[in-house]
Amino acid sequence: MTAAIDVDHVSFAYGDQPVLRDVSMTVEEGRFVGLIGPNGSGKTTLMKIMLGLQRPDSGAVRLFDVPADRFSEGTRLGYVAQHAKASDGRMPMSVREVVTMGRYAHAGVRRLADRDRQIVEEALEQVGIDDLAERNVNRLSGGQQQRTFIARALASEADLLALDEPTVGVDAESKETFYGLLDELNDAGITIVMIEHDIGVITEHADEIACLNEELYAHCETSRFLETDALERAFSSARIARPDRTVSAD
Amino acid sequence: MAIEILQQRPAVTRATLGGLLAVVIVGTFIYWAFPIAFDAFWGTTCTAIGSWLVCSTFLQHGFTTGILVGIAAPLVGAYVVNRQMALIGEALAHTAFAGVAIGLVVGASIEWANYPLVFALAAAILSAIGLQYLAVKTDAYGDVPLAIILTGGFAIGVAVISYGEGIAFGRELHSYLFGNILFVPFENVQLMVALTLVVLGMVALSHKQLLFITFDREAAQLARINVWFYDMVLIVVTALVVVAAMQIMGAILVAAMLVIPVAAAMQVAGSFNRGLLLAIVFGEAAVLGGIFASYYLDIASGAAIVIVAMLIYFAAVLGTR
């Protein structure tokens, strides 16, 4: 098995505020990795660095064995950002338009082909929002919006899906269906990295868990992780070392 | 980036050849075919309707320019407005005005350089590139760089005019400031056609990328779309539209055509593409309604167009409540 993501001794700071310190971890292809840690522990930053959206101050990141900043197959990456509600909800976009964006990088400057449109329809069906295709995405519920963004990643035929707290503001029932969908995608061979607050959810769905708080406290199989005290150490160090940290710092 | 471009050499060669071919075709069309088509169209319309409104050469020029502005401005505005860059047109128009001022002063002493709109075009494109640089440098499309370029550009224009005080600018300067439907010389109509074709071509080629970046910048970056390059494309296209529309809207009012029809359309539409088409429909309604209002009520054309556009916007807001 090869590595989808390889993070090698990565450090990052905003000004003189350290965010990540010497983090190394590998995400093998086809795995479902949960990324947990207290608020402000650098989870989102690490995810962005993994995807090549941000450059680390030191260290190196490889995506599918290519340095992340030179990785050009953008269509292989799917990212659903925290509160993925792009354009702050004022720009009218139909669900189908959003999902079709998944094909844009494939098409370049040429027109979309029938095959592109077919893939979009399949992605809409796969996440169960084909009946919402003509609706304005800004008028949908949080869960439906998240499905739209997942469908976009599917339409781009991504084989790596990075999700940053995808179910914040989503009702419990939709959450269940959503995680069911992720399990299906993972079974189909898509690598998933997910930041999630709900440790119960993570332990139920993820194969591996990485616990982060500036440094990587543990990264191992879910079953083994529960036996370690990494969680306690990561969260307590947050409280003791940085009582003044704001909640939304990540 | 240079390495990437070299690696894509066949694509670059094709794009360059395609671009040159497009320039030749557009150029030939505008110099040879367009005047014939123009005369044929308005000749027929004039014979059919027989009103002064369509038979006057002045108004024929004005209508043609107006209709083209009504297409190009809302088209580009749709991306600009949804990126919260609504005032960028205003800033570019004010620097374009500085270009006009320089052009008028130069043109007054050098006969063959008497094309103020070409100077306006150069000034607008230069300031577009400058704005892009400031936006990257200051890390946001904040309104501070906009305010600086806007007022700074206008200041240069005023300075140049006061410097060349001996020259009688008169009506020409006034028409660039406030717009005048009756003052569009035929070569400016031709320039307008060229600009519209260039804008349509560029948007047709880059619509997908522009839309992606507008809606979700980070995801576009992730898809490894060259965000910087397409930002530049959009801002340069905006500069072209602003200069084109300046003749009938005036430097001070030109941004309205980029913003108001789009704002009205986005209020009503449920998808971007429908919003885009509707914005062009609203733009045309504002231009034609404005020109008629300007003629019957004897008010400035630019102002009339903006007022009609504003009425459409209010109707759209009230209609969706």
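Me: In what order do the strands of the open sheet in chain A run, and how are they paired?
Reply: The order is β2-β1-β4-β5, 4 strands with antiparallel pairing. Keep in mind that this is a predicted model: local features need pLDDT of at least 70 and side-chain atom pairs count only at pLDDT 80 or more, while totals for chains, interfaces and linings use all residues. Residues are numbered from 1 along each chain as its sequence is written, with chains lettered from A and ligands numbered from 1 in the order in which they are written.

Me: What makes β2 (17-28) and β5 (66-67) of chain A edge strands?
Reply: Each of them pairs on one side only. Strands here are DSSP runs of E, at least two residues, and helices are runs of H or I, at least four, numbered from the N terminus.

Me: How do you know that β1 (residues 3-14) and β4 (residues 58-63) of chain A pair?
Reply: Pairing takes at least two DSSP bridges between two strands. β1(A) and β4(A) share 5 bridges, in the antiparallel sense, so they count as paired. As a spot to look at, V7(A) sits opposite V61(A) in β4(A).

Me: Why is helix α1 of chain A called largely enclosed?
Reply: Because 7 of the 8 residues of α1(A) are buried. The buried set is K43(A), T45(A), L46(A), M47(A), K48(A), I49(A) and M50(A). The helix, residues 43-50, lies across β1, β2 and β4 of chain A and runs at about 125 degrees to β1(A). G52(A) follows α1(A) and has a positive phi, near 80 degrees.

Me: At what angle do α5 (residues 88-109) and α6 (residues 116-137) of chain B pack?
Reply: About 140 degrees, with the axes 7 Å apart. Axes are lines fitted to C-alpha atoms, for helices over the stretch in contact, and angles run from 0 to 180 degrees between N-to-C directions.

Me: And why does that make α5(B) oblique to α6(B)?
Reply: Angles under 35 degrees count as roughly parallel, over 145 as roughly antiparallel, 65 to 115 as roughly perpendicular, and the rest as oblique. The angle of about 140 degrees falls in the rest, so α5(B) is oblique to α6(B). The crossing is right-handed. The contact residues split into 17 nonpolar, 5 polar and no charged.

Me: What makes α4 (residues 57-82) and α11 (residues 227-249) of chain B roughly antiparallel, then?
Reply: Their axes cross at roughly 150 degrees and come within 9 Å. That puts them past the cut-off, so α4(B) and α11(B) are roughly antiparallel to each other. This crossing is left-handed, and the contact has 12 nonpolar, 5 polar and no charged residues.

Me: How many residues of chain A and chain B are in contact?
Reply: 22 residues of chain A meet 22 of chain B, where contact takes C-beta atoms, placed from the backbone, within 7 Å. β6 (77-80) and α3 (104-107) of chain A each supply at least two residues to the side of chain A that touches chain B, and α3(A) gives the most, with 3. By class, this side of chain A has 14 nonpolar, 7 polar and 1 charged residues. Nonpolar takes in Ala, Val, Leu, Ile, Met, Phe, Trp, Tyr, Cys and Pro, charged takes in Asp, Glu, Lys and Arg, and the others, Gly among them, are polar.

Definitions and conventions
A crossing is left-handed if the near helix is turned anticlockwise from the far one by less than a right angle, and right-handed if clockwise. Two residues are in contact if their C-beta atoms, placed from the backbone, lie within 7 Å. A residue is buried if 20 or more other C-beta atoms lie within 10 Å of its own, exposed if 12 or fewer, and partly exposed in between; C-beta atoms are placed from the backbone.
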